[in-house]
Structures are given as C-alpha cells and as structure tokens.
There are 2 protein chains.
Amino acid sequence: MRVTIKDIAKEAGVSITTVSRVINNKTEGVGEETRERILKIIDEKGYTPNYIARGLVLKKTQVVGVIIPDIMNPFFPEIIRGVEDTAAKHGYNIILCNTDSKWDKEKEYIKLLIDKYVDGIIYTGSMQSDRENIEELMDSSIPFVFLDRFVHVDGASYVCDDGVAGMYEMVSYLIEEGHRNIAYISGARESSTARDRLEGYKKALIDHGIPFNPELVVHGDYKMSSGKLGMGELLKLPYQFTAVACANDLMAVGALDTLHEKGIEVPKEISITGYDDIYLAGMTYPKLTTMAQAKYSLGVQAMKLLVELMDGKSTGAEEIVLRPRLVVRDSVERRRI
Amino acid sequence: MRVTIKDIAKEAGVSITTVSRVINNKTEGVGEETRERILKIIDEKGYTPNYIARGLVLKKTQVVGVIIPDIMNPFFPEIIRGVEDTAAKHGYNIILCNTDSKWDKEKEYIKLLIDKYVDGIIYTGSMQSDRENIEELMDSSIPFVFLDRFVHVDGASYVCDDGVAGMYEMVSYLIEEGHRNIAYISGARESSTARDRLEGYKKALIDHGIPFNPELVVHGDYKMSSGKLGMGELLKLPYQFTAVACANDLMAVGALDTLHEKGIEVPKEISITGYDDIYLAGMTYPKLTTMAQAKYSLGVQAMKLLVELMDGKSTGAEEIVLRPRLVVRDSVERRRI
DNA sequence: CTGTTAGCGCCTTCAG
DNA sequence: CTGAAGGCGCTAACAG
C-alpha cells in the first residue's frame with residue numbers, strides 16, 4: 001500500500017493538517033522542529049502526495065490535453081516536443097490526442113479531457129472545427145489556446161506561423177535568383193495555412209511586377225502523393241516554368257519524385273522549394289531549399305501562453321505569430337535573366 | 001459550475017446512490033421507470049461523471065503513461081499512434097513522456113506517473129535503464145510493459161522487433177542478389193537492438209559461407225550524421241565491397257549523402273540498405289530498400305498487452321516479438337557473380 | 001428496488 | 001503553533 005499523509009501524521013505524532021502544511025510549504029503555522037521531523041519522516045518513507053486526491057479538492061490536476069490531427073504527420077513531433085518540454089518545466093504532464101482532423105473525434109476528446117479535469121487544452125483543430133466544439137471549450141471555462149490555426153474567436157488565444165510572409169519570402173527569393181515563371185503546388189482550399197501561403201505567393205509575384213497566372217497553380221492536400229500528382233499536372237501545361245514552389249515539404253518531395261522519374265534534373269532544369277523544413281528536407285536529393293517553421297518554438301509558445309492563462313496571469317486573446325526562416329539548400333539554381 | 005451526481009439526484013428526487021447505479025449500468029437495483037427518468041435528466045443537463053472523484057475511490061484513472069526517448073525520433077510517432085489508438089479504443093488516455101534516454105528523467109517521470117495514479121505504463125527505456133528505475137516500477141505494482149527493448153526481468157512483459165532475424169533476412173537478400181563483400185554500419189555497442197542486428201548480419205554471412213571480416217563494420221549511433229561519417233570511414237578501407245548494410249534508415253540516408261558527395265552512384269557502384277522503414281525511406285533518392293519494422297503494430301501490441309495486465313487477465317511475463325518485413329525499393333542492384 | 005453511511009487522500013476554514 | 005471537522009464527487013457495502 002502507498003504511504004499517505006495519514007501514515008506520516010501518525011508516525012510523527014501530529015495531525016494530518018500539520019503534515020499538509022509542511023507539504024505545501026505553508027511557511028507559517030508549523031514549528032521549526034516539527035517541520036524538520038516531518039520532513040525527515042516524509043523522506044524516509046518516500047512519501048509523495050497523491051495528485052488525484054489533491055486534484056479533487058483543488059480542481060487542479062497538473063495535466064493538460066493536447067489535441068492534434070496526427071502525430072505521424074512529420075510536422076507535429078517537434079511541436080509536441082516543445083509543448084512537452086515546456087509543460088514539464090512548469091510541472092504539467094500532457095495527454096496526447098490524435099483526431100485525424102475528424103470533427104467528432106475532436107468533440108469526443110474535448111469532452112473527455114474536460115471530464116478528466118485537465119487544467120488546460122492546446123488545440124490544433126480541423127479547418128472547419130465546428131463552432132460547436134469551440135463553444136464547448138469556451139463554455140467549459142478551461143483555458144485553451146489554438147495552435148497552428150488562425151481562428152478568430154473572441155477571447156481566444158492562438159499561436160501560429162506567418163504563412164503569408166513566409167511564402168512571400170520564399171517566392172521573392174526565387175525571383176531574386178532570376179526565376180520569372182514560377183508554378184505553385186498549393187494545399188487544400190479549406191486549409192487556412194494553405195490559403196495564407198497561396199496569398200504570399202501571389203503577393204510576391206505581383207510586388208515584383210510578375211503577373212499572377214492562376215493556371216500555374218494546382219491544388220494538393222499537403223501529402224507527398226498529391227505533390228507527385230501535382231507536378232505531373234504542371235508538366236502537362238502549355239506553359240514554361242523554371243521553378244515550382246510547393247506549399248509544404250512533403251509535396252515538394254513528391255514533386256521531386258515525379259521529376260526524377262521523368263529524368264528532369266533538379267535544380268538544373270527546374271528548381272523546387274518546400275515549406276516547413278521537416279527534418280527530411282535535409283535528406284532528399286537534392287536537399288530542399290525551404291522555409292523553416294519554428295516548430296519547436298511553436299509548441300513552446302503555445303504552452304507558455306497556456307500556463308499564463310492557467311495561472312490567471314493572462315486573460316486570453318493573445319496572438320503570437322512566428323516568422324519562418326529561409327533555409328537555402330540545393331534545390332534552387334540561379335538563372336541568368 | 002459543473003453538474004454533479006448530486007444535482008441529478010436532487011432533480012430526480014432520488015439518492016445519489018441510485019444515480020450512481022444507473023451511471024454504472026448496474027443492471028439490478030433500479031426500477032425501469034426511475035432509470036429512464038434519471039437518464040433523461042442526465043441527458044438534459046449534460047452530466048458526465050468526474051473521473052477524478054471516481055479515480056479517487058476506484059484507484060483507476062483510465063490513463064496510462066508512455067515513456068519514450070524522443071518523439072522527434074522518426075521511429076516513434078507511428079508507435080505512439082498505435083498505442084494511442086488502442087488506448088482510446090479501450091477507454092484510456094495516454095500521457096506522453098520524453099526522456100532523451102536520460103536515466104534521471106526516466107526516474108522522475110516514473111515517480112510522477114505513479115503519483116498521478118496512472119493505471120499502467122509503457123516503457124521504452126534507455127539501454128542501461130538502471131535496475132533502480134525498473135525496481136521502482138515493479139514495486140509500484142502498476143502494470144507495465146517494455147517496448148522495443150529486450151529486457152529480462154522476471155515477470156515483466158515486453159514487445160519488440162526481431163532484429164536478429166530481420167538483419168539476417170536483409171543481408172541474405174543482398175547475398176542472393178550476388179553481393180559477396182558487404183560492409184556494415186552498426187548502431188551503438190550498448191544498444192540491444194544494435195547488437196541484435198549486428199548478430200543477424202554476421203549470421204547471414206557465415207550461413208552463406210562468407211567469412212566475417214570485423215574490419216568491414218563501423219559503429220555509429222543511429223543518427224544520420226554517424227551514417228555519413230561511417231560511410232566515409234568505410235571508403236578509406238583497403239577493402240572492396242559492393243554493398244553496405246546499415247543498422248537503420250537514418251544512417252543509410254547519411255551514407256547515401258556521402259556517396260552522392262563523392263559522386264559514387266547508388267546502387268550502380270554501391271548498394272545500400274536500411275532498417276526500420278521510417279517514412280522517409282520511400283522519399284530518398286534512390287528509394288531505400290529496407291526492413292520494415294511493424295511500428296504501428298508494435299504500439300498496438302504493447303497497449304493490448306498492457307490492457308490485459310490492467311484487467312488482470314494476464315499475469316505478466318508475456319513476450320511478443322514481431323518479425324520485420326523486407327521492402328525492396330531501388331537502392332540495391334543485382335550483381336553478376 | 002432504494003437510501004444511509006462510510007470512506008478514497010487531501011486541503012481548508014475555524015477553533016483552541 | 002496545532003488540531004478537529006467538513007467536504008471535493010463518487011462508489012460500495014449494508015440496511016431497509
């Protein structure tokens with residue numbers, strides 16, 4: 001059987017109240033000698049308080065829920081690591097929930113987490129995470145922060161990547177390297193991040209005096225296979241292009257694959273760029289030039305924000321937007337104009 | 001405020017015991033009408049039981065702890081997904097803990113998890129996870145299973161990959177493809193999986209009448225950089241070889257990188273093989289021929305075993321060893337003998 | 001079929 | 001400086 005506060009109290013010949021006081025460092029209310037005696041016994045018996053019992057009265061479990069689409073998506077492990085490290089630093093554990101971006105799974109997990117009395121929730125929802133889920137969260141009065149999703153909900157905090165600025169920088173780089181005809185493989189239309197990046201692409205073009213040709217953009221779904229297909233489509237177009245910007249690395253890898261198959265040399269004939277800088281971007285051939293999202297940092301910031309909310313130090317409605325960083329590797333070749 | 005069992009009882013004009021009975025589907029002990037009336041009120045008020053309170057009396061939290069080295073290691077996400085899916089299916093949530101294989105971090109997490117009353121633990125420890133940690137686990141009387149670690153502890157269950165058989169198959173394949181001089185990039189000497197795979201390599205050689213030459217094996221640490229370095233070392237050797245078997249995919253990618261740099265063609269001049277089949281294995285150039293560990297399944301099996309233990313349906317000491325599967329892609333070329 | 005009573009382990013007034 | 005008593009929300013004998 002586990003040692004409880006009662007055992008310690010009996011052993012020390014005091015009441016559990018007194019023991020409770022020393023456990024919780026209530027500076028006043030306990031004599032120095034008593035305190036030390038109790039501390040010694042606690043140490044000897046290896047007593048540590050039971051979080052469940054404590055949680056019941058304090059309504060605090062030191063656990064937060066983290067809801068994401070899928071940990072197998074290479075974009076998430078680093079984020080989760082950032083969250084976990086930060087959580088641990090502040091005395092929290094994380095419960096991981098994979099939803100595959102399914103609305104009903106999200107709903108179920110949110111309920112469960114609330115019932116399990118988590119102290120807070122980090123939520124990377126599906127694109128159309130229905131109002132219902134969000135309202136459930138708001139109603140629960142449990143602090144939460146959106147991660148990697150730009151969501152306008154009154155009083156809700158979020159942290160995400162600046163996709164517009166990021167893709168703008170990427171495409172501008174391509175232009176500076178002498179490219180004029182730049183195709184684009186986008187993410188799904190419903191995805192807010194995909195929309196942002198597409199916007200960055202257009203903007204960069206226009207700002208540099210290059211007309212935007214909608215036919216040069218094809219839509220994928222952020223998966224490798226769609227990049228592969230997308231590249232195939234582009235190749236059939238009656239347009240010339242010297243570079244293809246992809247909305248994420250996975251699709252860029254797919255594009256690379258198609259190019260390898262067709263015997264088209266990268267970057268000699270066509271330059272390719274990615275976005276995210278998942279670790280595999282440095283392992284392809286050629287290595288991918290891409291925009292590095294501050295993934296770990298994204299997780300850290302989200303958790304920090306959540307801690308503030310849980311501590312009541314922030315009242316919500318904070319917005320943190322992280323700028324990605326250009327990583328130049330080998331998939332882009334300079335063109336003479 | 002959250003609705004509690006008390007609210008429901010009052011509303012229904014019954015005692016909380018009765019409500020508790022219907023919540024827990026105690027078939028007997030409640031009249032049909034009463035039951036329905038209560039059910040209706042529960043539904044209306046949206047009541048769901050508080051797991052913390054329940055946990056306190058039942059000593060059951062429906063949460064399990066999962067301790068791994070690092071979720072950023074591409075080997076783990078799929079495993080974790082298998083664990084989580086299976087856990088969810090059985091009504092459990094998982095608390096994720098990253099230890100970086102640090103002995104003290106593991107220790108801390110184990111303590112914490114015990115204090116938080118998790119119902120079970122899945123443990124992928126460091127190679128030399130000291131006896132102390134394991135004893136702490138055993139003493140706690142919390143069910144646990146080792147994952148991806150072959151550990152001989154009386155009464156402990158584990159599930160892992162058959163590294164000996166796996167690498168044996170890989171190297172045999174190479175031999176069948178006509179290779180006779182096969183170098184090897186191994187994992188760290190302390191790692192049990194690395195030892196197993198190395199053994200499989202030797203055994204395959206010997207069984208096919210090829211002498212084992214220790215100078216043809218270099219030791220890495222499972223990371224890409226060490227594969228890159230290892231390949232460099234091998235190239236300096238005064239020996240000929242037509243193939244290099246790597247103890248995992250990451251190192252194989254590193255080896256590939258060195259070969260690209262030196263302008264040595266793969267698989268034309270040198271064939272390369274990996275192990276694990278992390279998702280990036282299908283994205284390199286050329287695509288890696290490798291042994292696919294049943295990662296998702298590893299997670300599923302571990303969790304299933306844990307559930308059995310928690311349900312008291314198994315008394316421990318189960319051992320599950322999963323066979324990996326050969327995945328032939330493009331990094332090996334047939335040789336004429 | 002239903003209610004009463006007693007905790008689970010801990011924290012927190014309120015007395016002494 | 002310390003202890004007694006009550007309660008967090010729920011389950012589990014034990015009585016009616």
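The legends below describe views of a predicted model. Residues are numbered from 1 along each chain as its sequence is written, and chains are lettered from A in the order in which they are written. Because the model is predicted, local features need pLDDT of at least 70 and side-chain atom pairs count only at pLDDT 80 or more, whereas totals for chains, interfaces and linings use all residues.

**View 1. Helix 4 of chain A packs with helix 4 of chain B.** Both helices span residues 51–58, and they pack at an angle of about 140° with their axes 9 Å apart, where axes are lines fitted to C-alpha atoms over the stretch in contact and angles run from 0 to 180 degrees between N-to-C directions. Helices are DSSP runs of H or I with at least four residues, and strands are E runs of at least two, numbered from the N terminus.

**View 2. Residues at the contact of the two helices.** A:I52, A:A53, A:G55 and A:L56 in helix 4 of chain A meet B:I52, B:A53, B:G55 and B:L56 in helix 4 of chain B, contact meaning heavy atoms within 4.5 Å. By class, this contact has 6 nonpolar, 2 polar and no charged residues, with Ala, Val, Leu, Ile, Met, Phe, Trp, Tyr, Cys and Pro counted as nonpolar, Asp, Glu, Lys and Arg as charged, and the others, Gly among them, as polar.

View 3. Buried residues (under 20% relative accessible area, 1.4 Å probe, protein chains only) make up 57% of the 337 residues in chain A. Among contacts in chain A between residues at least 6 apart in sequence, 70% join residues at least 24 apart.

Methods:
Heavy atoms only, no water. Buried < 20%, exposed > 50% of the residue type's maximum accessible area, 1.4 Å probe, protein only.
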